[in-house]
Amino acid sequence: MTEKIKPEVISRRRVFSLLGLAASGLVFATIPVSPQVTPQGVELSVDQAQAVTYRRARVTARRVDRRVYRHTRRAVRRGAY
């Protein structure tokens with residue numbers, strides 16, 4: 001138990017390869033992958049993020065309002081109201 005441990009010098013090549021592995025691991029860790037169970041087995045799919053912005057919300061609200069107005073106008077013409 002009295003062995004002396006000598007410090008080992010790590011080469012630059014090994015340091016850069018470890019940094020490259022760490023960087024690629026970080027990139028792969030940020031990809032949103034989710035497993036999906038299908039009749040053929042389990043498959044991995046990449047999730048698609050869709051941001052909801054203020055503009056997108058306004059456009060959607062305006063489209064819904066136009067649709068409601070149109071349906072109401074048609075119902076009044078048919079005598080439903």
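The expected span of a helix is 1.5 Å times one less than its number of residues. Helices (H or I, at least four residues) and strands (E, at least two) are DSSP runs, numbered from the N terminus. This is a predicted model, in which local features need pLDDT of at least 70 and side-chain atom pairs count only at pLDDT 80 or more, while totals for chains, interfaces and linings use all residues. Residues are numbered from 1 along each chain as its sequence is written, and side-chain values use heavy atoms, with hydrogens and water left out.

**Overall layout**

- The protein chain has two helices and two strands, and from the N terminus on its elements run α-β-β-α.
- The radius of gyration of the protein chain (taken over C-alpha atoms) is 30 Å, well over the 12 Å that the globule rule gives for 81 residues, so the chain is more spread out than a compact globule. That rule is 2.2 Å times the number of residues to the power 0.38.
- Along its principal axes, the C-alpha trace of the protein chain spans about 100 × 35 × 25 Å.

**Helix H2**

- H2 covers residues 54-78, which is 25 residues.
- From its first C-alpha to its last, H2 reaches 36 Å, close to the 36 Å expected at 1.5 Å a residue.

- Strand S1 (residues 33-38) and strand S2 (residues 41-46) pair in the antiparallel sense over six bridges; two strands pair if DSSP finds at least two bridges between them.
- S1 and S2 form a hairpin with two residues between them.
- Among the bridge partners in S2 are Ser45, which faces Ser34, and Val42, the partner of Val37.

**Surface and charge**

- Buried residues (under 20% relative accessible area, exposed being over 50% and partly exposed in between, with a 1.4 Å probe and protein chains only) make up 2% of the 81 residues in the protein chain.
- The number of buried residues among the six of S2 is zero, so S2 lies largely in the open.
- Pro39 is exposed, with a relative accessible area of 84%.
- The mean positions of the 17 positive charges (Lys and Arg) and 5 negative charges (Asp and Glu) of the protein chain are 22 Å apart.

How values were computed. Charge placed at Lys NZ, Arg CZ, Asp CG, Glu CD.
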